[in-house]
Amino acid sequence: LSQLPGWSLRPDGSIVVATGNDDALGLYRCTPYNSYGTAGESRPTRVLLKDPPAFTVRPKEEYFQEVGRELVIPCAAHGDPPPTITWVKVGSVEKSSAQVDGNSSLILHPLIKEQHGVWECTATNQVASVTTATSVHVLGTSPHAVTNVSVLPLLLAANISWEPGFDGGYFQRFSVWYTPLVRHPPRAHHDWVSLSVPAGAQHLLVENLQPDTSYQFSVLAQNKLGSGPFSQIVTSVPRGFPVTTVPPEPPAMTVHVFLSPPRALTANETVRGVLLRWDPPARASVALSGYALELRQDKGGWEVLERSIPGTDTQVLVPGLIKDAFYEFRLVAFAGSYISDPSNTVNVSTAGMEVYPSRTQLPELLPQPVLAGVIGGICFLSVAVIFSTMAACIMNRRRAARVRKRRQDPPLVFSP
């Protein structure tokens with residue numbers, strides 16, 4: 001064996017041939033022996049060289065076709081002995097209705113929505129098996145279900161994110177459905193609440209949830225042809241206010257992405273408004289996208305004041321506050337589809353402050369047509385008063401001049 005490159009003998013007596021070539025062809029026998037001798041040779045075995053399958057025609061990476069039409073996907077291979085070609089849809093548990101013609105091409109006719117996905121062509125003979133794959137996109141259908149639904153428990157809220165499925169060839173929108181899980185429901189079934197998702201978004205923050213209550217979440221996709229199937233249902237428990245005597249419950253799902261809240265939020269009064277400053281989050285496992293500023297007035301509900309603060313900013317100016325009011329501000333950070341917990345809350349009181357409405361709030365106080373009419377009326381009245389005053393002055397001067405002239409003229413004397 002030492003004279004044959006790539007040949008070796010294992011401890012169990014097997015021969016390993018690293019590279020098969022003509023040197024390996026032939027008839028082989030194995031003779032075991034020990035110190036007492038041998039019991040004889042084994043039966044002969046013949047080594048033959050055969051070619052593994054190799055594709056001569058591969059399908060394209062992707063195919064797009066309208067539903068109801070015919071789609072033919074070619075696939076061919078050669079080998080020694082000639083390989084057998086089989087087609088299978090990845091992830092399908094049911095037997096496919098697809099057909100294969102004499103050239104080993106996959107025939108989908110008529111094309112249906114369920115045939116959307118990845119298809120594999122496998123060539124097999126006695127030597128080996130080789131596989132190639134292609135993606136089939138069926139157009140003109142309702143959207144497919146979203147995948148990888150994730151729920152991030154927050155304080156009295158939850159952030160739901162997902163990956164969209166194929167849209168069926170049309171623009172699709174999403175809605176998030178959720179319902180609480182109660183042990184003794186008041187009715188035979190519980191109602192689901194749906195929230196619309198802004199166009200283009202792949203996450204939604206669901207607020208005003210009850211603490212220490214399990215919720216079920218699901219995502220539904222819709223396009224112009226109808227609704228797709230609901231996604232898998234994910235159960236999660238929103239976080240409640242921390243209690244010192246009881247350790248907090250672990251989150252219902254393991255979340256690998258961590259984003260801490262903005263730090264050290266402060267407020268300072270300036271001549272143009274209230275200036276808010278903060279420090280970026282201490283820890284973020286993904287790149288920071290931006291911030292959203294929330295406020296509430298006089299202990300009311302929280303509202304989003306600005307949702308597109310760049311992630312590189314660490315301050316923002318808030319003009320247009322109402323005088324003699326009490327405000328609270330807090331900040332949340334965005335990183336991709338994830339939202340951090342709120343920062344610390346800062347309080348701002350405008351009692352005694354010289355605070356004026358901002359320019360952007362002036363149209364809300366007075367509509368533009370009414371404002372233009374008022375300004376025009378004031379200008380017209382001012383001009384009228386000026387002209388009236390000038391006319392009165394001119395008339396008074398003329399009257400005074402006639403009186404002086406009448407006094408200066410000598411009296412007329414008539415003689416008989």
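Where is the place of Lys-224? Lys-224 sits in the loop between strand E19, residues 215-223, and strand E20, residues 226-227. I will start there and then go through the rest. Please keep in mind that this is a predicted model.

Is Lys-224 buried or exposed? Its relative accessibility is 64%, so Lys-224 counts as exposed, the cut-off being over 50%. If we set aside the neighbours within four places in sequence, Lys-224 is in contact with Tyr-170 and Phe-171. Arg-173 is 51 residues from Lys-224 in sequence, and the C-alpha atoms of these two residues are 9.6 Å apart in space.

How many cavities of 30 Å³ or more does the structure hold? There is one. The largest cavity has about 30 Å³ of space in it. Its lining includes Phe-171 and Arg-173, along with Gln-172 and Phe-174. Val-197, Pro-198, Ala-199, Gly-200 and Ala-201 line the largest cavity as well.

Next, the cysteines. The structure holds one disulfide. It is formed by Cys-75 and Cys-121, with the sulfur atoms 2.0 Å apart. The angle about the S-S bond is -85 degrees, and the link of Cys-75 and Cys-121 is left-handed. This pair links distant parts of the chain, 46 residues apart. Cys-75 lies in the loop between E7 and strand E8, residues 76-78, while Cys-121 lies in strand E12, residues 117-124.

Are these two cysteines buried or exposed? Cys-75 has a relative accessibility of 1%, so Cys-75 counts as buried. Cys-121 has a relative accessible area of 0%, so Cys-121 is buried too. For Cys-30 the value is 45%, which means partly exposed. Cys-379 is also partly exposed, with a relative accessible area of 45%.

Now a sheet. Which strands form the open sheet, and in what order? Three strands form it, in the order E7-E11-E10, and the pairing is antiparallel. Strand E7, residues 71-73, and strand E10, residues 99-100, stand at the edges with a single partner strand each, so one side of each has no neighbour in the sheet. E10 pairs with strand E11, residues 106-108, over two bridges. Within that pairing, Val-100 stands opposite Leu-106 in E11.

Another pairing is further along the chain. Strand E27, residues 326-335, pairs with E29 in the antiparallel sense over four bridges. Tyr-327 stands opposite Val-348 in E29. In a regular strand the side chains alternate between the two faces of the sheet.

Last, the confidence of the prediction. The mean pLDDT of the protein is 83, and 84% of its residues reach 70 or more. Over residues 356-366, though, the pLDDT is below 50, and this stretch has eight contacts in the model beyond near neighbours in sequence. Residues 412-416 also stay under 50. How many contacts does the model have for that stretch beyond four places in sequence? It has zero.

That is what I have for today.

Key: Residues are numbered from 1 along each chain as its sequence is written. This is a predicted model: local features need pLDDT of at least 70, side-chain atom pairs count only at pLDDT 80 or more; totals for chains, interfaces and linings use all residues. Side-chain values use heavy atoms; hydrogens and water are left out. Two strands pair if DSSP finds at least two bridges between them. A disulfide is a pair of cysteine sulfur atoms within 2.5 Å. Buried means under 20% relative accessible area, exposed over 50%, partly exposed in between (1.4 Å probe, protein chains only). Contact means heavy atoms within 4.5 Å. pLDDT is the predictor's confidence in each residue, from 0 to 100. On a 1 Å grid over the protein atoms alone, a cavity is a set of points where a 1.4 Å probe fits but cannot get out, and a pocket is an open set with protein on both sides within 12 Å along at least five of seven lines; lining residues have an atom within 4 Å of a point. Grid points are joined across faces, edges and corners, and a volume is the space filled by probe spheres set on the points.
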